[in-house]
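Please have a look at the sequence and the model before I start.

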Amino acid sequence: MTASVNSSMNSPVKTISVLVADGMTTILHGVNHKQRDYEFAVVGQASSGRGLLELVKRVPADLAFVDISMPDMSGLDAVPKVREIRPDIKIIVVTMHREPEYMTRALSVGANGYLMKSCSAQEFCHAIDEV
């Protein structure tokens with residue numbers, strides 16, 4: 001993570017380098033306008049589990065947002081493999097699945113957090129603070 005100064009507020013703004021596996025860039029864009037403590041630099045995007053693994057090998061990042069439902073490899077199967085490649089990366093699983101067993105499994109395979117795709121900007125930022 002790097003820090004810069006938001007000139008309108010003269011307060012430090014954290015820049016978090018992010019990998020996105022699925023369609024999370026809309027949430028990142030929305031949060032950038034509502035939450036001024038963070039700026040997100042999307043350094044890579046993947047649309048599949050295998051694509052995510054290739055990306056993690058090539059691109060350093062602070063945080064990865066991983067969807068559970070991806071082609072060729074689920075996010076739940078990809079998370080432990082990401083953890084093997086980059087043990088220090090923070091991983092937040094993002095999904096539409098509300099069933100508690102998905103959250104339990106995500107955390108048990110190595111995710112640092114779990115968010116619903118329908119979460120608010122406040123919930124999103126709270127998850128970032130927690131991981």
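What you see is a predicted model, in which local features need pLDDT of at least 70 and side-chain atom pairs count only at pLDDT 80 or more, while totals for chains, interfaces and linings use all residues. Residues are numbered from 1 along each chain as its sequence is written, and side-chain values use heavy atoms, with hydrogens and water left out.

Let me start with strand β4, residues 63-67, where helices (H or I, at least four residues) and strands (E, at least two) are DSSP runs numbered from the N terminus. Five of the five residues of β4 are buried, so this strand is largely enclosed by the rest of the structure; buried here means under 20% relative accessible area, exposed means over 50%, and partly exposed lies in between, with a 1.4 Å probe and protein chains only. In a regular strand the side chains alternate between the two faces of the sheet, and in β4 we find L63, F65 and D67 pointing one way, with A64 and V66 pointing the other.

Strand β4 pairs in the parallel sense with β5, residues 90-95, over five bridges, and pairing requires that DSSP finds at least two bridges between the strands. One of the residues involved is A64, whose bridge partner in β5 is I91.

Turning to the helix, A78 is placed in α3 and counts as buried, at 0% relative accessibility. Beyond its neighbours within four places in sequence, A78 is in contact with L52, L53 and M73, contact meaning heavy atoms within 4.5 Å.

How many aromatic pairs does the structure hold? There is one, formed by F65 and F124, and it is stacked, at 5.2 Å centre to centre with 20° between the planes. Rings of Phe, Tyr and Trp (its six-membered ring) pair if their centres lie within 6.5 Å, and planes under 30 degrees apart count as stacked, over 60 as edge-to-face and the rest as tilted. Because F65 lies in β4 and F124 in helix α5, residues 121-130, the pair ties together parts that are 59 residues apart in sequence.

Finally, D72, in the loop between β4 and α3, has a positive phi of about 70° although it is not a glycine. Most residues other than glycine have a negative phi. D72 is partly exposed, with a relative accessible area of 44%.
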